[in-house]
Amino acid sequence: MAEERGFDLVEVAPNAVPPVCRLLDYGKFRYEQSKKEREARKNQKQAELKQLRLMPKTDDHDINVKASKARRFLMAGDKVKFNVRFRGREMAHPEIGREMLEQIAEQLRDIAVVEQKPLMEGRVLSLLLAPNAKVLKAAEQAKKAQVQAKAAKPAAAAAAGTTANDGDLDDDDLDDDDLDDDDLDDDDDDEDDDTDEDDADEGDADEDDIDEDTDDDTDDTKN
């Protein structure tokens, strides 16, 4: 059947009973598969390692600032490594750096997990934190919801604008009706004016007739 139709016979599920095969263009199929893989790698974010440096003399305010930066990195999906560097006689009190790192881990425990506990490497005490997968997924879903909500606002505004325009058209229709009423009033006024003019003309005609009759009577008397 594959040869008759000009396709390739591809076994897609060899472990099924019976095995499943498909008739398809294998070259096109491989091209589409590789294209999907490239898009998946493109959309996939590669986690980076961010390092923040501290000193045993770092005060609480600066520690909070470093913790805030680490929170932003963790929410972006990156790992964060805190390094406390000791110099000179500071090596005699490593517990100071350990307490600092434990304080930071406590501040970030809601979004991070401790991937590596405080470990002394030479003169540097390090703590490695990784983002919490559940929290990171929830943040991504919330971000997607916000994007969808923003995309829905223009559609709602367009629908509201259409409704407002319909209301304006109704008002225009009412205005047209008002104009028709005005036209009727104008017609009535014109008819009244014509009637008044006709009455005035008839009055003038009657006065002329009276004057002519008076003149005729005067002429008869003289005769």
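Tutor: Rings of Phe, Tyr and Trp (its six-membered ring) pair if their centres lie within 6.5 Å. The model discussed here is predicted.

Student: How many aromatic pairs does a search of the whole structure find?

Tutor: A pair of aromatic rings is described by the distance of the centres and the angle of the planes. With the cut-off of 6.5 Å between centres, the search of the whole structure gives one aromatic pair.

Student: How many salt bridges does the structure hold?

Tutor: Side chains of opposite charge can pair when their charged atoms come close. Among the pairs are R71 with D110, K79 with E115, and R109 with E106. The number of salt bridges in the structure is four.

Student: How many residues apart in sequence are the parts that R71 and D110 tie together?

Tutor: The side chains of R71 and D110 meet in a salt bridge, N to O, at 3.1 Å. R71 belongs to helix 3 (residues 60–75), whereas D110 is in the loop between helix 4 (94–107) and strand 5 (112–121), so the parts tied together are apart in sequence by 39 residues.

Student: Is R109, the partner of E106, buried or exposed?

Tutor: The side chains of R109 and E106 meet at 3.1 Å, N to O. E106 has a relative accessible area of 48% and is partly exposed. The relative accessibility of R109 is 56%, so R109 counts as exposed.

Student: Which residues of helix 3 are buried, and over what arc around the axis do they lie?

Tutor: An α-helix has 3.6 residues a turn, so residues three or four places apart point the same way. In helix 3 the buried residues are I63, A67, A70 and L74. They are on the same side of helix 3, because the arc they cover around the axis is only 60°.

Student: Which residues are exposed on the other side of helix 3?

Tutor: Exposed means a relative accessible area over 50%. On the other side of helix 3, the exposed residues are H61 and R72.

Student: Which residue just after helix 3 takes a positive phi?

Tutor: Helix 3 has 16 residues and reaches 23 Å from its first C-alpha to its last. Just after helix 3, a positive phi of about 95° is taken by G77.

Notes
Residues are numbered from 1 along each chain as its sequence is written. This is a predicted model: local features need pLDDT of at least 70, side-chain atom pairs count only at pLDDT 80 or more; totals for chains, interfaces and linings use all residues. Side-chain values use heavy atoms; hydrogens and water are left out. Helices (H or I, at least four residues) and strands (E, at least two) are DSSP runs, numbered from the N terminus. Buried means under 20% relative accessible area, exposed over 50%, partly exposed in between (1.4 Å probe, protein chains only). Rings of Phe, Tyr and Trp (its six-membered ring) pair if their centres lie within 6.5 Å; planes under 30 degrees apart count as stacked, over 60 as edge-to-face and the rest as tilted. The expected span of a helix is 1.5 Å times one less than its number of residues. The arc is that of the directions from the helix axis to the C-beta atoms.
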